[in-house]
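Welcome to this tour! Open your viewer, get ready to select a few things by number, and follow along stop by stop.

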Amino acid sequence: MKTLRKFDMSGKVSIITGGAQGLGKAMATALAEAGSDIVIAEINVPLAQETARRLEADCGIRTLVVRCDVTSPADAEQLAKETVGAFGKIDVLVNNAGICINTKAESVTPEEWLKVININLNGVFFCSQAVGRVMIEQKSGSIINISSMSGLIVNTPQPQASYNASKAAVIHLTKSLAAEWAEHRIRVNTIAPGYMLTEMTRPTFENRKEWSDRWTSLIPMSRPGNPDELGGIVVYLASDASSYATGGVFTVDGGYTVW
Ligand code: NDP
């Protein structure tokens, strides 16, 4: 098959957790532009429905919104069930939902610690397990976990031990699932973004210059990324273009991790 045709996602079905806004919305848009039908798994259902309507209108694809808290194994099972019910299969899962809490390690509460680990790590596993069972039956699938450069380096100057630990764990979970599920023809990779301008980071870029100026000074490209700059890598990893890539860590960080 010719190279560019391998990126075609027509007829494929992709789930994006936390896909109503931010990086999830940008990746859902890229996959929809490549032709994939889109399932948005979200706790913010009204915003997810708005995003889904826009994707249908702009890209002419089909969408489904499923209310899903990724920390709930029952919700993850329901997500897989509703997706198969609507579309008959699942080709791609993008585990994107995630949060960050900036509290010093000596002050972080058990509730804060568990919340971050539950959403960022356990949520990735529960959704991968529920969808992975479907993909094992199908004997095909691509799972893309959104970790972070914070799984490879420690950000400065803000304290975020829980976030960094959760993202490092997502990277190793990615490799573990890639090893276990290669025999089922399921590929599992992770994208490790650097600082990207989203609802999560925009307030800091606008109001906390002592942090964001330091961040920018440490990025060789001297700027944060725009969410649509993850579009190319997510379509690559979701599609047949990456048919020999599994267990990989793909940094998209303006060069942050080279220094
Ligand atoms: P946003 O906060 O903009 O978007 C995250 C989305 O996930 C929100 O819609 C949020 O809903 C939803 N969400 C939160 N908790 C849950 C849950 N339990 N179940 C389902 N959905 C949930 O974040 P970003 O787009 O910035 O980040 C997306 C991912 O990318 C995260 O994993 C993040 O760690 C990672 N990342 C982000 C970087 C950045 O610079 N922005 C850099 C590197 C990695 P609600 O708003 O209602 O809480």
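**Stop 1: the ligand and its pocket**

Select the ligand: the space that the ligand takes is the largest pocket. On a 1 Å grid over the protein atoms alone, a pocket is an open set of points where a 1.4 Å probe fits, with protein on both sides within 12 Å along at least five of seven lines. A molecule sits in a pocket if more than half of its atoms lie within 2 Å of the pocket's grid points.

Before you go on, note that this is a predicted model, in which local features need pLDDT of at least 70, side-chain atom pairs count only at pLDDT 80 or more, and totals for chains, interfaces and linings use all residues. Residues are numbered from 1 along each chain as its sequence is written, and side-chain values use heavy atoms, with hydrogens and water left out.

**Stop 2: the shell around the ligand**

Asp, Glu, Lys and Arg count as charged; Ala, Val, Leu, Ile, Met, Phe, Trp, Tyr, Cys and Pro as nonpolar; the others, Gly among them, as polar.

**Stop 3: polar contacts**

Look for pairs of N or O atoms within 3.5 Å, called polar contacts. Select L23: one of its backbone N or O atoms is 2.8 Å from a ligand oxygen. At K167, a side-chain N or O atom lies 2.9 Å from an oxygen atom of the ligand.

**Stop 4: the pocket lining**

Next, select the lining residues, which have an atom within 4 Å of a pocket point. Helix 2 gives the largest share of the largest pocket's lining, with three residues. Strand 2 (37-42) and helix 8 (209-217) are among the elements that each supply at least two.

**Stop 5: the second largest pocket**

Finally, centre on S140, G141, R185, R187 and D240: of the 14 residues lining the second largest pocket, these are the closest to its centre. This lining divides into three nonpolar, five polar and six charged residues.

Key. A polar contact is a pair of N or O atoms within 3.5 Å; within protein, one must be able to donate a hydrogen and the other to accept it, and residues adjacent in sequence count only if both atoms are side-chain atoms. Helices (H or I, at least four residues) and strands (E, at least two) are DSSP runs, numbered from the N terminus.
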